[in-house]
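Please open the structure in the viewer and keep the selection panel at hand. The tour below moves from one selection to the next and says what is found at each stop.

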Amino acid sequence: MIELKDVSKKFVQQNREIVALESVSLKIQTGEVVVIKGRSGSGKSTLLSLMAALAKPTSGEVIVQNERISRLSDDFAAAFRLRHIGFIFQRYNLFEQMSVFENLLAPLVPLNLPAKETKERIKRVLERFFIEEKAEAKVRVLSGGEQQRVAIARSLINDPSVILADEPTANLDAALAKEFISVLKGLKDKKRTIVVATHDPLFFNLDFVDRVIEMEGGRVCL
Amino acid sequence: MNFYLLDFAIASLLLEKRKNLFVFSMLFLVVFLAGSFLFTASSMRQMTLHAADALPEIVVQKRVGGRLYPISMETILPIVEIEGVASVTPRVWGTYTFDAQGTLFSVVGVDRYDYLYGDSLASVRKSDKIIQGNGVAVGEGVYRVLKSRFFTKEVHLLSPKGEMLIMPIVTVFPKSTALFTNDLLVMDVQKARKVLGISKDEASDLLVDVPNPDEVDTIAQKISLLSPVLHVRTKEQIRTVYEEMFDYRSGVFLLLFTIVLATLFFLTSERLSGLSHAQRKEIAVLKAIGWSIRNIISVKFYEGFFIASFAYFGGVAAAFFYVYVLQAPLLRFVFSGFSTVRPPLELTFFPDWSLLLLLFLITVPVYFAALIIPAWRAAVEDVDEVLR
Amino acid sequence: MLVNPFVIANLLLESLLLALAFIAFVVSLQVLMWWDFSKNDTLQYRLQKRIYLVSTIAKYILSLKIALFLFFIYTLDHLSLVLHGAMCAVGVVDASSYGKPLLFLKIINLYLFAFWIVLNEEDYRHAELPYTKLKSFLFLTVYLLFGIELFLEYSYFADIDPMSLVSCCGAVFSKSGETVLAALLQLPNSLLYGSFYALFLMLAGAFVFRLYAFYAAFSALFIPVALFTLIGYFGTYIYELPTHHCPFCLLQKEYGYIGYILYTVLFFGTFYGMLSGFFRKQNYLKRSFSFLLIYTLLVSFYPLWYYMQNGKWLY
Ligand SMILES: Nc1ncnc2c1ncn2[C@@H]1O[C@H](COP(=O)(O)OP(=O)(O)OP(=O)(O)O)[C@@H](O)[C@H]1O
Ligand SMILES: [Mg+2]
């Protein structure tokens, strides 16, 4: 479950205060799929980074999986992300010059698991997303579809309970976007909580989306 | 130790090849510079100390007002009478100014019974050629100077009284003894007296042989009590003076070297501070997938560790090559001066591990210190950029 | 003034560390003034980031300081070759009146820095960073002590006259004389090793019954007792000479550098011991006791070995 209580986030830039979020209160149940839409600059990404404990609210509380993440030190926030959050970015944000294996290794590094288990986990997601034979290939030589599968595999490798996606289909052709949506549907069936921030209309009338929330100027429209 | 972190460190090093290559070369160069200096100094020091081993236990000179004078033969008697002294030998030697440029030779007088100049002169001592033939044995450096003036068979020397002495060259010391013999002219003691202007009842200094090393200090003290003009030095004192001289030079070098270290610090720190867009993005993604600030700082240190070990060992190897294989061209002048006849001695390796430790401590920590702030900056950078 | 590459390197590195520590000092001051974890403003946010700089700097300083401490001892040993009359580092320490306070302060600072690092780790182990103010305060103290240490070090090396004659360990650690040390050395042997083993038994008792406070106090007490008995009793068996009372010669090659091992083990044993009193963690208690057990076994080995070899005690 994700709960935001009267959350505000302000930035100070060149002595000017920018209000990115203003008293946002929101509750997302476990297993729910929520799409957040809104114009550019309306505060979608800021909302996601608060849910992922990547940033702290200026005021208010953020509670995810019963943890008050707005109150965590950096080590704990990182550990929380590691355990609970799977992030999928716009344009994947893979490490292009590294191999698929190394990309998948990245979320496992802070866990410092025994070598055997680390390899085991990587092998499992490689198989699940049909990219075993590409394990040693550099990401930059992969096709768009393969890159997408690596990005999803990377965000799911620690089996997170919450999946956050920021503009996941912004640069995808129709076929890839469809494929991504089918992955989301699969996750929904596994009772994962999913939050997608997007202005891609593709998401607005999907049958498995429970709610579409609209944001404007840092507020949630009701 | 997290090996995956190391793996990641290497991968992200490759992300910024040019920047990291620059940082590596800086550290490498600094290690090489300091290493070359320290190795040369240490090698020279060890060789000098080695040479000092051949010295007699006690040397007595006459010194008035800070200047040396020939010592009277009459001084020998009271010294021999001191208990514990086995023998006293007068020595005749001195410097001879060869030409208007001020080229200096060391003139040493020997006689048949001479045995106290150390092993280096063993070959000369055995053959009586010098004395019988009224000839001289010359060092490698002396011979070179003479040859350049077209004297290949004999030496022409002018005594203080204006008398010209012509002596045939009977032998040139082998190169391997250059440390001791390079600027030497060895001749019969009577001839040496003439060249140096030392009369028959005087000597340059006296060598005192003391068989029991424990008694050396007390005997030295007793000798200096004989007369206020007597200047007494023990072998131990001379060794300490040598040690101090090299320590002093290396110390001064290190003081000057702080400027290089400061440059290393600022250039490295400056180079590492500017984060490229790719690096920024990498760090932000890492944080989003669960890395903490401390993980990122660690990975930066692992990167540094990697660069530092390569630069350090590479620099040490290069310094070794420069000093012991190439024989430290240019640098050796710092120690031997620019005099034309100073020894072209062979630098040989003496293992001294504390030197490697010293070299490590004066270079690598400076590099890591320069790394701290950029690493921290990168790690605490806000991440929202990549999420847009 | 001694101009010597080892001396210069020591001073250079310590100065570098102090300069870095200054940054951490400033941040610690800011934290002390403004830290409030319950607030969420920009200032707190910034401070939370800055304390990572402090901990990185402190870790760097500690790891170098451990190496530098050993290097300092090594430097003293090296200087004993240069100074007339010195046989080992004792004479060098004694060559200036700054020597003893400097050495003492160096050891204190080593304990404090190590304590700081552990406190820092404990702090990160809690989501609300409960020790941040405490560790910042501690850092201020450590910084000032470190400053004094560096000042003493400069004065010490500046004060040594390379030409003067210094004393050797035989003179400094002799039974005659009117120093406290001499008086302690005159105590009968049985009292020396008796008190050592008695203290160790008490430590073992406190360990078995998990009496944290007692254990910590005993470990603190263990430092002077271990040192005195090492100088007065166990050391003589290492040298196999009843009159040789020196804590430094055992750092030399002739005795297999055993001193470096003994002092390192003693340091960690007592350090974790005192720590267990502060944090009440079994982990620290166990670590401490293992180190102190190793120390006790090591020093006990020498007299026993001597007895087995010669069939009698040294004196
Ligand atoms: N680090 C920052 N510093 C200053 N202002 C910021 C920062 N991050 C976000 N903002 C501002 O906060 C507001 C909300 O930004 P946010 O990125 O959440 O919008 P968004 O809805 O994700 O927009 P888009 O659809 O373009 O991605 C914007 O006005 C943005 O300029
Ligand atoms: Mg956005």
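**First stop: a helix of chain A and its cover**

The buried residues of H5(A) are covered by elements that include strand S6 (85-88), helix H3 (100-105), helix H4 (115-128), strand S7 (162-166) and helix H6 (174-189) of chain A, together with helix H11 (277-288) of chain B. Buried here means under 20% relative accessible area, exposed means over 50%, and partly exposed lies in between, with a 1.4 Å probe and protein chains only. Helices (H or I, at least four residues) and strands (E, at least two) are DSSP runs numbered from the N terminus.

This is a predicted model, in which local features need pLDDT of at least 70 and side-chain atom pairs count only at pLDDT 80 or more, whereas totals for chains, interfaces and linings use all residues. Residues are numbered from 1 along each chain as its sequence is written, chains are lettered from A and ligands numbered from 1 in the order in which they are written, and side-chain values use heavy atoms, with hydrogens and water left out.

Select residues 144-156 of chain A, which form H5. Of these 13 residues, 11 are buried, so the helix is largely enclosed by the rest of the structure. Among the buried residues are A:Glu146, A:Gln147, A:Gln148 and A:Arg154, as well as A:Val150, A:Ile152 and A:Leu156. The end C-alpha atoms of H5(A) are 19 Å apart, which agrees with the 18 Å that its 13 residues should span at 1.5 Å a residue; the expected span is 1.5 Å times one less than the number of residues.

Select residues 3-15 of chain B, helix H1. This helix reaches 19 Å from its first C-alpha to its last, close to the 18 Å expected for 13 residues. Its buried residues are B:Tyr4, B:Leu5, B:Leu6, B:Phe8, B:Ala9, B:Ala11, B:Ser12 and B:Leu13. To see what covers them, display H3 and H4 of chain A together with helix H2 (17-52), H11 and helix H12 (293-325) of chain B, which are included in the cover.

Now show the whole of chain B, with its 14 helices and 12 strands. Of its 388 residues, 52% count as buried. Residues 24 or more positions apart account for 80% of the chain B contacts with a separation of 6 or more, a contact being heavy atoms within 4.5 Å.

Which secondary structure does chain C contain? The chain has 11 helices and 0 strands. Its radius of gyration, taken over C-alpha atoms, is 22 Å, close to the 20 Å that the globule rule gives for 315 residues, so chain C is as compact as a globular protein of that length. The rule itself is 2.2 Å times the number of residues to the power 0.38. The C-alpha trace spans about 75 × 55 × 30 Å along its principal axes, and 56% of the residues of chain C are buried.

Select residues 189-208 of chain C, helix H8. C:Asn189 lies in this helix and is buried, with a relative accessible area of 18%. Beyond four places in sequence, C:Asn189 touches C:Gly194, C:Gly232, C:Tyr233 and C:Tyr315.

Move along H8 to C:Phe207. Is this residue buried or exposed? C:Phe207 is buried, with a relative accessible area of 15%. Leaving aside neighbours within four places in sequence, its contacts are C:Tyr215, C:Leu285, C:Lys286 and C:Phe289. Finally, draw a distance from C:Phe207 to C:Pro5: the two are 202 residues apart in sequence and 46 Å apart in space, C-alpha to C-alpha.
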